[in-house]
Structures are given as structure tokens and as C-alpha cells.
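Thanks for coming, everyone. Have a look at the model on the screen, and then we will walk through it.

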Amino acid sequence: MEQVYSANEFQWIADSLQLSFGELCNYPVIFPIKKAQRISSGFGMRVHPVYRVRKFHTGIDISGVKGTPVYATGNGIIVRKGYCSGYGNYIEIKHAGGFHSFYAHLSRTMVNVRDSVGIAQQIAYVGSTGIATGSHLHYEIRKGKYYLNPTGWCYLLFEIWKNK
């Protein structure tokens, strides 16, 4: 998985290696909110809603009511948790294969650094902390220094399971 950066590449390798359901769960492969309203801002270039300048958006924004549960998108270890002015309250999870998932603008967190988390375990609540125009979850997938488009990854477990 060292050179895999796209959801399609991952799916092809997972199929080739015939990864088990349990092995797939070690990667960020599900949506972080059970009943998402909508993706209010996609991955890539956009006009920043606060600064009003074109800027690269490193994840997706998922609209949600404050207090909506946020779930780990794969098994992993909490490697960072904290607050910064832009992201507000955030959590970062390290997954297998060098993948990391990142959750921001949280109203409240339920885990601590070095905690092990399971796929679909609740880790936080949607909020509007940091620089935000309203309640939403900012969600990213990272590998090394690269930001990956989370959209293809969010339903990957379902897609692979469906195709077996």
C-alpha cells in the first residue's frame, strides 16, 4: 500500500490481495457521519467562505447539526488531538498503510491521544469551532505529505463488499 494514493488504486489492490473484511477495516473506508445532510464543500480549489480568496480545500465539509455524532472511518490510533485557530477542535487517526484521517471543527471529542479506536466507533460531535461559517465536519484523508480526495474513500468498504 506504500504507493497507493487513490481509492481506485486501493480497491484494485484490495481485490488482488483478497483482503478480508477485517483487514479492510484498518483503512479509512467509511463515511464519518451516519446520516450526512450533504457535502457542502468539496475537495480541491474553491473560494474560501471566510477569506474570500481562491484556496485549496484539503478535505470535504459535511454539513450537520451541532452535536451530530462523528465516527472513526477505520481502525487506528489517535495520534493528535487539540485545538488550532483554523480547524478548531480536531482529531487525527493513524491507520494501516500510512493513511491518516482528520476530523475538524468538532464541538466535543471523546477520545485521547494514544487511544485505539475501531471502525464506526464514535469519536466526537459535529461543531463549528475554529474558522467556520456554521456547524459542519471538515474531513480529510492524508498519506504522507499528500491530501487525498476523501469522496472516493467514504463508501469504499461498501463498494468492495458489494463486488465480492
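**The pocket and the chain around it**

Strand E3 gives the largest pocket the largest share of its lining, three residues. Strands here are DSSP runs of E with at least two residues, helices are runs of H or I with at least four, and both are numbered from the N terminus. A pocket is an open set of points on a 1 Å grid, where a 1.4 Å probe fits, with protein on both sides within 12 Å along at least five of seven lines; lining residues have an atom within 4 Å of a point.

A word on the source. This is a predicted model, where local features need pLDDT of at least 70 and side-chain atom pairs count only at pLDDT 80 or more, while totals for chains, interfaces and linings use all residues. Residues are numbered from 1 along each chain as its sequence is written, and side-chain values use heavy atoms, without hydrogens and water.

Back to the pocket. How big is the volume of the largest pocket? About 470 Å³. Of its 21 lining residues, Arg46, His48, His57, His105 and Ile131 are the closest to the centre. Strands E1 (38-41), E3 (54-57) and E11 (136-143) each supply at least two lining residues.

Now the whole protein chain. It has three helices and 12 strands. Its C-alpha trace spans about 45 × 35 × 30 Å along the principal axes.

Methods. Points joined across faces, edges and corners; volume = space filled by probe spheres on them.
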